[in-house]
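The points below are grouped by topic.

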Amino acid sequence: MRIEIDDRSGFCFGVVRAIGEAERALAAGGTVYSLGDIVHNRMEVQRLEGLGLRTVSHAEMERLGGERLFIRAHGEPPATYARAAALGIELIDATCPVVARLQRRVQRAHEAMRAVGGQVVILGKRGHAEIVGLTGQVADPTLVVETLGDLDSIDFTRPVYLLSQTTQSIALFERLSAELRRRASDPAAVTVEDTICRQVSGREEHLAAFARRFDTVVFVSGGKSSNGKVLFEVCRAANPATQRIEEPSELRDEWFRGAGSVGICGATSTPRWLMQQTADTIRARYGAGSGEAPARRDK
């Protein structure tokens, strides 16, 4: 059996930057609090908790006066910054630059739509941390759509400005854009701005090609990862023998019976060390060979 780790899977730039910021803060000593999971990967969160990181909710901010609070790559609305300042909390802001740029675009989109009585629509997952930060940029309501069926909530007699969460599928965004223009009273009044991160979206075609090369594919991703759900479906569509796990203990013997090759890949929130640990576990159990390059850590 040959085993190979996808060399393009693992942390994206924004997550690498956030993890690095957290590790530097922790190395300085003391506890650092993260407002929500620093990354949507339970195993990486546990690793950082071992270094002194503590995850807290917005409701717990009241007791953090004088403490250091980490803003993760997903970003936060302006209200969070104002509240932290009022409570005397020291912020470590690791908002991904791509997300920060999108937050400014959301503000500009609302300004444009106010002038013409229009509406701002964002393709994204409701309740996702990035979406909460985006919709909180202004007081005006923002419509969040997840599927084509959600377009029924849009008033097609009014102008529409469409944006997207950075980790969404390009194919879905394009389908939504086409359907918006088809149903609009005035297609010229529909503004479409593709704000999907290409470091994320560019992985779809690559992962599909990667998955086709193997008898079995193991996709490593946290259960909370929106990006992980999208990329897993890409792999499974390309190769039905794709299985998803959060950690190596979830590997099942039947996945590898008769397999001559195994590919391991993951989401933008999946640490390289976890994919390597998965490869090592498969190798130890089934005597697999190795076709991957030497392991490296995402830092």
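In helix H6, the buried residues are Ile170, Leu172, Phe173, Leu176, Ser177, Glu179 and Leu180; buried means under 20% relative accessible area, with a 1.4 Å probe and protein chains only. The model is predicted, so local features need pLDDT of at least 70 and side-chain atom pairs count only at pLDDT 80 or more, while totals for chains, interfaces and linings use all residues. Residues are numbered from 1 along each chain as its sequence is written, and side-chain values use heavy atoms, leaving out hydrogens and water. Helices (H or I, at least four residues) and strands (E, at least two) are DSSP runs, numbered from the N terminus.

**Helix H6**

- H6 covers residues 170-183, and its 14 residues reach 20 Å from the first C-alpha to the last, close to the 20 Å expected at 1.5 Å a residue. The expected span is 1.5 Å times one less than the number of residues.
- Contact here means heavy atoms within 4.5 Å.
- Where H6 starts, serine 169 places a side-chain oxygen within 3.3 Å of the backbone nitrogen of alanine 171. A polar contact is a pair of N or O atoms within 3.5 Å; within protein, one must be able to donate a hydrogen and the other to accept it, and residues adjacent in sequence count only if both atoms are side-chain atoms.

**The sheet with E6 to E9**

- Four strands form an open sheet in the order E7-E6-E8-E9, with parallel pairing. Two strands pair if DSSP finds at least two bridges between them.
- E7 and E9 are the edge strands, each pairing on one side only.
- On average, neighbouring strands of this sheet are turned by 25° against each other, direction ignored. Axes are lines fitted to C-alpha atoms, for helices over the stretch in contact, and angles run from 0 to 180 degrees between N-to-C directions.
- E8 and E9 run parallel and are joined by three bridges; valine 160 has valine 190 in E9 as its bridge partner.
- Helix H4 (residues 97-116) packs on this sheet and touches E6 and E8, with its direction at about 175° to that of E8.
- H6 lies across E6, E7, E8 and E9, and runs at about 175° to E8.

**The sheet with E2 to E5**

- Another open sheet of four strands has the order E3-E2-E4-E5, again with parallel pairing.
- Its edge strands are E3 (53-56) and E5, each of which pairs on one side only.
- Neighbouring strands in this sheet are turned by 35° against each other on average, direction ignored.
- Four bridges link E2 and E3 in the parallel sense, and valine 32 stands opposite leucine 53 in E3.
- H3 packs on the sheet, where it touches E2, E4 and E5; the direction of H3 makes about 145° with that of E5.

**Strand E4**

- E4 (residues 68-71) is covered on both faces, with Arg68 and Phe70 buried on one side and Leu69 and Ile71 buried on the other.
- E2 (residues 32-35) runs parallel to E4 and is joined to E4 by three bridges; tyrosine 33 has leucine 69 as its bridge partner in E4.
- E5 (residues 90-93) also runs parallel to E4, with four bridges between them, and isoleucine 71 stands opposite aspartate 93 in E5.
- A right-handed β-α-β unit is made by E4, helix H3 (residues 78-87) and E5. Right-handed means that, with the strands pointing away from the viewer, the path from the first strand over the helix to the second runs clockwise.

**Threonine 195**

- Threonine 195 is found in the loop between E9 and H7, and counts as buried because its relative accessibility is 5%.
- Leaving aside residues up to four places away in sequence, threonine 195 touches Leu102, Arg105, Leu163, Ser164 and Thr166.
- The side chain of threonine 195 reaches the backbone oxygen of serine 164 at 2.6 Å.

**Helix H9**

- H9 (residues 226-238) has 13 residues and reaches 19 Å from its first C-alpha to its last, close to the 18 Å expected at 1.5 Å a residue.
- The buried residues of H9 include Val230, Leu231 and Phe232; among the elements covering the buried residues are H7, H8 and strand E10 (216-220).
- Serine 225 caps the N-terminal end of H9, with a side-chain oxygen 2.8 Å from the backbone nitrogen of glycine 228.

Conventions. Buried < 20%, exposed > 50% of the residue type's maximum accessible area, 1.4 Å probe, protein only.
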